Amino acid sequence: MDNVYAPLSEACAKTLSDKTYDKRKLASQEVEKMVAEFNNAKNTKQIQKILKVLERDFVTSRDPNKKKGGLIALAGASIGLGKDTELFINELVNPILNCLSDADTKVRYAATESLYNVVKVARSSIIPLFPDIFSALSRLVTDPDQNVKNGSELLDRLLKDIVTESSQTFALDSFIPLLRERIYAKNSFARQFIISWISILNAVPEINMVVYLPEILDGLFQMLEDNMVEIHRMCGTLLAQFLRSIRNDPDSADMPAMTNILIGHAQTSNELIQFTAITWLSEFVQLSGPRMMKFASGIFTAILPCLAYEGDSRKQIRECAQLVNKDLLELVSSKEDKMNNLKNLDLDSVMEVLRQYLGHSSVHTKVAVLKWIHHLFTEIHEEMSIHSVSLFPVLLGVLSDSSDDVVLQGLVVLAEIINSNSADDDFKQTQYRKFLVSLLNLFSEEKSFLENKGSLIIRQLCVLLNAELIYRTFAEIICEETTNIKFASTMVRTLNTILLTASELFDLRNSLKDIRNKKSATLFECLYKCWAHCPVSTLSLCLLAQCYQHVSALVVIFGNLEVTVEFLTEIDKLVQLIESPIFASLRLTLISQEKKSPDGHYLAQALFGILMLLPQTDAFHLLKNRLQCVPMYWGHNVTADSSLSVENQSSIDFNALLEHFQKVQKFHHQQRMIQRKKSIVLWE
């Protein structure tokens, strides 16, 4: 009967199938000796027969002992072949690889040991089979059996040494897909295995792993969320090495291909991943410059929310986001590459993101967004002009923000939009009007908004824009109000208080003090017609303009007006203002040495009239004490020449203004009566 195991002897085959390791080991040594003899004799066919028998009758057998015997015999055959192992590398390695996924733990361990011994002999000859070996090894490192895992670690180290030695012949292009496929593994040991391989390859001078970084960067960032601290350390170190390589040779890195990956990870809730991603973005912006501008909208989406971070835990993230924001701003305003930078900027997508974040809850984020919008209008106002219409309602909404910083920055943007649209004065006046109409609508819709933010907004607008045009336009709009006259009165009081007290309105006050000047006179008339909605504000305006003769006439009319609590309160405030520095010139007029001075005479008459209107409150006594310091005009024959008064030297028709005032006040009285009747009907 023929020996089915030939050229192996039946005794050798039987021993190779024994259940004890030592006997299988002896049989493998016999195989090793036999293969060595055949190899020395150049008897290739006999070697192939031995390897075929080992695969067919042992390694693929269902008997675990036969499998283990076949595996150790393959390792022995490799040792017997020595440097000629490469001639039979497929016949040696492939049967072993199949056993690495065997259900039997001991078989898997034997296969791992066998492969280690074959690879140790073959060295660089296994490079063509490296993808298959690597795939099998990536499974072994997660094996539940510790012995198998230990064996895989030895094999892993050996393979790394071989690949490092053979870096010039190593097919990196075919290896990268293997990495990319396994880099998303969730198992910590598998992740550690992948990171170690990337680190080894990155350390080889002949291999430039930065070129392949776009394919593996996403997986590396995902590894940073692993629960094992060791994974964090390894992955963080590797990423730092890559970033250092990019910094040293920016041209080797495809930064645009990696930017969207970074933008995605910069929005995660994991602090380590977020900080690392934004750090990379910061480096890319500094290194790549113009090429990063096309990613501006994505970068904004990533960094703007980070500006809101408070506390020490995310301080580094916030500071890094601020740096990215600053660098992008500089790119837009760069004189050298400005046109090139802006050519890469997708303005529509950028504005869409900025508008979105204007509704963010953070003050820092909203202020940063507003600064960006202002910056864009400053640098590229022509390109930004198409966004003016859509921005206006959003910016008006910003004005009702609870933060003064947001409101002030919003006003800066609005002022820039108005000023940058056209140099034509008529056009600007139209823009002012549209804006101020919208602003007044906001004030009228929400009383608390006017009370809390009205003064701040108006004062800032007067600084940013033309204060005279602002007040003139406000007055013209309010003059046209015929339905909500209660609001008109309230708005006039607000504007009047700002006019008389705000330092920002100093120049406008000085202008109104000289109504002999035609320009000042037209402004006074415009304001007067509006101020007529509020009697005390009208009186204040005339006192400021030094129209003391008209003030004395107004005070007489006040006696016929309905004296409300609101009216008395306003008079009280006026008395306080008369004592303020703003009305210093008024008080000096009272002690004029010019006995024929008509202004001093009319002013004293007016102030005594106001005193008579007041009940005996603190304000009454304050004004009374002031007037006691005034030279006596009363009881003496005064021959003041009224033609010398300020108002008579102006071109203003004060009689017409007085008629207008009475007409407006009559209308207010009628409206109050209508409201009272409605209230009675509702009560009944």
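Modeller: Contact here means heavy atoms within 4.5 Å. This is a predicted model, where local features need pLDDT of at least 70, side-chain atom pairs count only at pLDDT 80 or more, and totals for chains, interfaces and linings use all residues. Residues are numbered from 1 along each chain as its sequence is written, and side-chain values use heavy atoms, with hydrogens and water left out.

Colleague: What makes α12 roughly parallel to α14?

Modeller: The axes of α12 (residues 229-248) and α14 (residues 271-288) cross at roughly 5° and come within 11 Å. Angles under 35 degrees count as roughly parallel and those over 145 as roughly antiparallel, so α12 is roughly parallel to α14.

Colleague: Which residues of α12 and α14 meet?

Modeller: Among them, Phe-242 and Ile-246 in α12, and Trp-280 and Phe-284 in α14.

Colleague: And why is α28 called roughly antiparallel to α29?

Modeller: For α28 (residues 518-531) and α29 (residues 535-544), the axes cross at roughly 160° and come within 9 Å. That angle makes α28 roughly antiparallel to α29. The α28 side of the contact is Phe-524, Leu-527, Tyr-528 and Trp-531, and the α29 side is Ser-537, Thr-538, Leu-541 and Cys-542.

Colleague: Why does Gln-605 count as partly exposed?

Modeller: Buried means under 20% relative accessible area and exposed over 50%, with partly exposed in between (1.4 Å probe, protein chains only). Gln-605 has 29% relative accessibility, so it counts as partly exposed. Gln-605 sits in helix α33 (residues 598-613).

Notes. Axes are lines fitted to C-alpha atoms, for helices over the stretch in contact, and angles run from 0 to 180 degrees between N-to-C directions. Helices (H or I, at least four residues) and strands (E, at least two) are DSSP runs, numbered from the N terminus. Angles under 35 degrees count as roughly parallel, over 145 as roughly antiparallel, 65 to 115 as roughly perpendicular and the rest as oblique.
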